[in-house]
Amino acid sequence: MTLAPGLLPEGFRDRLPPQAEAGSRLLHRAIVAISRHGYERVAPPLAEFEETLVGRLKSARSQDLLRFVDPISQRTLALRPDITAQVGRIAVSRMAHRPRPLRLAYGGPVLKLRATQLRPEREMTQAGAELIGISTTAAVIEALLVAIEALEVAGVTGITIDLTLPDLIERLAAGPMPLPADRIDQVRDRLDAKDAGALIALGASAYLPLIEAAGPVSSARDRLKGLDCAELLQSRLEAIDAIVAAVGDRAQLTLDPTERHGFEYQRWIGFSLFGAGLSGEIGRGGTYSIVDAQGGEEEAVGFSLYLDPLVDAGLGQEVRQRVFAPLGSDPATSASLRAQGWITIAGLSENDDGRALGCGHYLAGNEVLPY
């Protein structure tokens, strides 16, 4: 069967002007904003051995990997669906000797095995930062503030941060709300789906109040503080209070203590980022553990930003004046105009039409004139 010209696999697309330029510009802006907080950029490869890619983050799963066999090593390689695990590998191997906390930044494409209804693209551009060696409240606040600044620099307004407590159910199941080990995953999934009837059927009615403890951060905090297990949550509630104070009015904050989907490897806190007028989440992060070659664990906190929704919304585009330089024009004049911020389009034949080439001005000798 002959493919139609220009046909691409499902979930892949071409970026054309001006979106391709906007995407590159947004990635640069985000990385620069992150680096100004002391985060040094690393650039992992697009593919790695499968076992090193999936085994670096504790509790990470391998279901989203696009795999293939390397014809040289005859081992299974995987294309990265996320860059965080690669940064973790670098931190505990090639940069294990560096003092902690270690601040690393990154940016580049990632590839998903499958698309979703909310995010039909399988190839995306990701930028982010990882703070290795610490996962305290102060570290979480730094990560959040750096993420907010990177989004602001990219032009995002109306930022919302949804907080979650990914390992809350495990802690409650081992303490004030005991559950058999074989029911923890079921209860966690039903809470994630906000399915009260299924919780009752599982004999987990004690967890029902957690469904109501979701919403704007102020009311959600109050509901959590009113639960019988509030003493167990005291340190987390104090952390949420500190986050609220640090973020201030730079973003709206909500809290869903039982949200779990997508936070499988996050530890005591996770967060999603949203922006006004942008589809779906535009970032995600939280605390996690990196597993080293000896099986030891190192704490970390970080975030990833997804830049494609920003490009789709028109962010990152800049209007620049284009001037047509007819064949035979002085190259020095064109160079001077480029230094001033103009885009120069050189005529390559007497028949070139500057207006057809997208120019609003033309060069007449050393003078720039409008068409």
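In which sense, left-handed or right-handed, does α9 pass α10?

**View 1. Overview of the predicted protein chain.** The model is predicted: local features require pLDDT of at least 70, side-chain atom pairs count only at pLDDT 80 or more, and totals for chains, interfaces and linings use all residues. Residues are numbered from 1 along each chain as its sequence is written, and side-chain values use heavy atoms, with hydrogens and water left out. The protein chain has 12 helices and 16 strands, these being DSSP runs numbered from the N terminus (helices: H or I, at least four residues; strands: E, at least two). Along the principal axes, its C-alpha atoms fill a box of roughly 85 × 55 × 50 Å. Of the 371 residues, 45% count as buried (under 20% relative accessible area, with exposed meaning over 50% and partly exposed in between; 1.4 Å probe, protein chains only). Contacts (heavy atoms within 4.5 Å) between residues at least 6 apart in sequence join residues at least 24 apart in 65% of cases.

**View 2. The packing of helices α9 and α10.** Two packed helices are described by the angle between their axes and the distance between the axes. The axes of α9 (residues 217-225) and α10 (residues 234-247) come within 11 Å and cross at roughly 165 degrees; axes are lines fitted to C-alpha atoms, for helices over the stretch in contact, and angles run from 0 to 180 degrees between N-to-C directions. The two helices are therefore roughly antiparallel (over 145 degrees; under 35 is roughly parallel, 65 to 115 roughly perpendicular and the rest oblique). α9 passes α10 in a left-handed crossing, that is, the near helix is turned anticlockwise from the far one by less than a right angle, clockwise being right-handed. Val217, Arg221, Leu224 and Lys225 of α9 meet Leu237, Ile240, Asp241 and Val244 of α10. These residues divide into five nonpolar, no polar and three charged (nonpolar: Ala, Val, Leu, Ile, Met, Phe, Trp, Tyr, Cys and Pro; charged: Asp, Glu, Lys and Arg; polar: the others, Gly among them).

**View 3. Arg236 in helix α10.** Arg236 lies in α10 and, at 6% relative accessibility, counts as buried. Leaving aside residues up to four places away in sequence, Arg236 touches Leu165, Asp167, Arg171 and Trp268. Leu168 is 68 residues from Arg236 in sequence, with a C-alpha to C-alpha separation of 9.8 Å.

**View 4. The buried helix α3.** Helix α3 (residues 84-92) is mostly covered, with nine of its nine residues buried; Gln86 and Arg89 are among them. The buried residues pack against β2, α2 (50-54), β5 (102-111), β6 (123-132), β11 (283-291) and β12 (297-306).

**View 5. The three-stranded sheet.** An open sheet with antiparallel pairing has the order β2-β4-β3, where pairing requires at least two DSSP bridges between two strands. β2 (47-49) and β3 (66-69) stand at the edges with a single partner strand each, so one side of each lacks a neighbour in the sheet. The twist averages 35 degrees from one strand to the next. Three bridges join β2 to β4 (residues 76-79) in the antiparallel sense, and Phe49 has Leu77 of β4 as its bridge partner.

**View 6. The four-stranded sheet.** The strand order of this open sheet is β14-β13-β15-β16, with mixed pairing. Its edges are β14 (343-346) and β16 (367-370). Strand β15 (residues 361-364) pairs with β16 in the antiparallel sense over four bridges; the bridge partner of Ala364 is Glu367 in β16.
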